Amino acid sequence: MNRRPLLSFTVCWVAGSAAGCMFSGRSLLFCLAGLLLLPVVWAVSGGIRWRKAAVLVTALILAALYWEYSEVRNVSLLPEVLGHPVSELNEAYITAAGVIASPVERDGDRVDFVVKLSGISLHQQGEQSAAAGAVGSDPEGERVTVQIKLQEESEIAEAALWQRGDRVVIEGELIQPQIARNFGGFDYRAYLLTQKIHWLLKGTGTASVKVNPQVSWEPSTILRWNDKARSVLGAEMSRLFQEPHAGYMKGLVIGIQKELDPETFRQFSQLGLTHILAISGMHVAVYVGVILVLLRRCRLTRETALTVTLLLVPVYVLLSGAGPSVIRAGIMSMIALLAARLGMLKDGLNILAASALMMLVWNPYLLLSVSFQLSFLVTAGLMVYTPLAAPLFRRLPGWLGSSLSVTIIAQLVSFPLTIYYFNQFSLLSVAANLLLVPFITFLVLPLGTLALLLGRVWNAAALLTAQLAEILNNITFAAVEWVNGFTAGILIWASPSILWICLYYGLLYGLLYALKRQTEAKLVPQFMDDETRPLAELERPEPRGNIRGRAGRNNVLNSAGAANSGRAELTFQAYPQSGLSRWSNSAAILCAIGLSILLYKGYNAEVISDGSGSISYLDIGQGDSILITTPGGAHILVDGGGTVSFSNREEWRIRRSPFEVGAKTLLPLLKQRGIHRLDAVILTHGDQDHAGGLQAVLEGMPVSALLFNGTLADTEPYTKLMATALDAGVRLYPVQQGKMLALDEATRLDFLWPEPRADGHTLPEEVEDQNHESVVFRLEMNGRSFLFTGDMDQAAEETILHSANQSGIKQGSLIDVLKVSHHGSKTATSADWLAFWNPTAAVISAGVNNLYGHPHGTVLERLADMGTSIYRTDQQGEIQLRVDKEGITICYKLTPTPVPH
């Protein structure tokens, strides 16, 4: 750090920015005070000069202030411009004028782009729109994300003409982006905030957009040309390659990932191979190397070749999409080329630091980008950790040792961020990267690039090259699928804390450093033949018999330090292991133990050790999904929500990766909480809003048992779900009234519905009315009672009450919390039902502004009349209950303050 002042400055800048991001107010002051002490202590200890300490302190303060300044400026001006509060603007109809400031992308029946506003006005739906020059007030260039839903297939051609730089007037609904409605869930509003976007503008059909193409040259014209060039290159790829190869090669060669097959992406992601699909340092290095070789072949001077390559790097960065990773690689390449051109000393870490500092000054919110973090962290890790690991592979051939060290270090360095953001890691990732990355980099990537270059000049050769690349792609896809078949190698991790990540990197560095010193100590001989021994050792009397030298003659020094005139042959005794070697052994053992404990704690982070359990009523929109964790650590998922899809949709409307609640919401939440296996999934009935999301769960997570109502639903998704369960070896159990399941000493499930079949048959039969057959059960946990009702109707309620009366069970305070049936529909939760159970609290799972009007007013009135506390996912997001022997603590996402109950 002392020899790299720029690196020290950048590290402090990043630390100051991170402090400004994570804290505010008094907390930020305390955090900064702690950070400012570090350079001061460093200077006091003599590690650095006071002048350098002052520079580092300045970097910390300036970075924090710059972040705060950016935050203050990153606010929406629309409430002030339009004179209405945010709550009134949400879902308001407006007319907005502006300039398209991003590529225009279409997926199915939706077109997306960003508009930089120049005017905006409120109006009632159906009013005649104003002309572009007369649209309301000026919002000073605020950016909004526009989503246009196409109504007819013929509109695709019209939308394809829209380009960056076009001036547009749009009529539509102004919508606030959705916030995270579950603990640990994806926050779309926070994500758009890092793009300095605060609103969505949703229009219907191309008729809602009036476009005036760009006619004069502007600075944005360069980006417009770049968008068109990328579109042409993408179209050429589509012509040369068949699907799914076309989408895969677009991502691999030119960085267009929007058309990548979702299943292919999932397979690569599971093995930690997604970095291959994103343009990064590897691609830039190959690009720069090829250009330099070609220019040198053209007999250009070294200086000219470096200059031309330097000027061509930005072209490649733009053509490849200008993502954070390729920008980082591009800046580093340009700095390195410039340094080589000027004959200056180059240092990889200083170049990396300069790139990071430039990008963060340009846009401080890049610090929150996953791509930015992974790109810089892995690059820095390779520079720092690879030299430490290299001696460990000294016995292997040079090429193999180098490949192994780089691959293993890259995996070790990226591991914390991988589990933090994606919550899974494959034990086979190292082997997959070692074999597939060189295969793809040095065979598939060059073939794809060559096919693209030949496409316009030699079509036959281009098609032949593309076919060869497709054969190699098939080998890649088959290998990835085969490796992913070993599901035992895929580990699910909870998102670790920042402290855990810092400890991991510190212990990893200590372990590799100690192993390196230990390896080097073994390679250095204890004494050399012509080595002069310490005087203190020679003053000791030598034992007899040590007069035979092992390697010839040695000069013997007398006590005065002069050489004896005579010659004597000595043999040196074997000396004990040096203190350095002993220190290396001890340090390596301590770091290995610490790292093992850290990994164990991180992997088992979800274990509750205080004897309490939890129940989480997840907000998955219009549907049910409830996660139960028992005091003994068992996990039970009740239903999985589901996105209603229409099989008769026109093909052009179907999106490449449509939103599906199981894959996009439920499964990520389970993984983010570190749930490695579901001990049981209880499917109350076969309706899509309860069963649909379980398909992704069964495909993405081990499940021990599936409990269902013993009937079948005549739908394709339900049939697929049951087939997936059977293929995965999940045990199927039909449940009925009277059955019981004891999960541990503190947890018991008693099933109240459905009734046993009158004919005595046990084979499932097809039932159309699945609501009536919903599984109903009572959960006893730590002395508290909870009732889960699925979508049961009043007929089922009456039958259960009748059975209870026959059994002598009297009404009263029989449960603490009731899950209200059928999202609060008026077809259930009768007054008699509530009077019998007399719940203290009730939870209603319903979607925000759902089309069914759930929950119904009469149900809410009944609950209020009973004095029951009401919690609703449509208003409060996820509702969590922590259950211990002292009672129940309830908290909810949108108002996270715990409420004692």
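At what angle do helix α15 and helix α16 pack, and how far apart are their axes? In this predicted model, helix α15 (residues 348-362) packs against helix α16 (residues 370-389) at an angle of about 165 degrees, and the axes are 10 Å apart. Helix α15 is therefore roughly antiparallel to α16. Their crossing is left-handed. Helix α15 contributes G348, L349, L352, S355, A356, M359 and L360 to the contact, while α16 contributes F372, F376, T379, A380, M383 and V384. Of the residues in this contact, 10 are nonpolar, three are polar and none is charged.

Charged side chains pair elsewhere: the structure holds 20 salt bridges. The table lists some of them.

| Salt bridge | N to O distance | Separation in sequence |
|---|---|---|
| E218 and R167 | 3.8 Å | 51 residues |

E218 belongs to the loop between β7 (209-212) and α8 (221-240), whereas R167 is in strand β5 (residues 167-175). E218 counts as partly exposed at 23% relative accessibility, and R167 is likewise partly exposed, with a relative accessible area of 45%.

K819 and D624 are both buried. Finally, salt bridges with shared partners join D109, E650, R653 and R655 into one network.

Conventions: Residues are numbered from 1 along each chain as its sequence is written. This is a predicted model: local features need pLDDT of at least 70, side-chain atom pairs count only at pLDDT 80 or more; totals for chains, interfaces and linings use all residues. Side-chain values use heavy atoms; hydrogens and water are left out. Axes are lines fitted to C-alpha atoms, for helices over the stretch in contact, and angles run from 0 to 180 degrees between N-to-C directions. Helices (H or I, at least four residues) and strands (E, at least two) are DSSP runs, numbered from the N terminus. Angles under 35 degrees count as roughly parallel, over 145 as roughly antiparallel, 65 to 115 as roughly perpendicular and the rest as oblique. A crossing is left-handed if the near helix is turned anticlockwise from the far one by less than a right angle, and right-handed if clockwise. Contact means heavy atoms within 4.5 Å. Ala, Val, Leu, Ile, Met, Phe, Trp, Tyr, Cys and Pro count as nonpolar, Asp, Glu, Lys and Arg as charged, and the others, Gly among them, as polar. A salt bridge is a side-chain nitrogen of Lys or Arg within 4 Å of a carboxyl oxygen of Asp or Glu. Buried means under 20% relative accessible area, exposed over 50%, partly exposed in between (1.4 Å probe, protein chains only).
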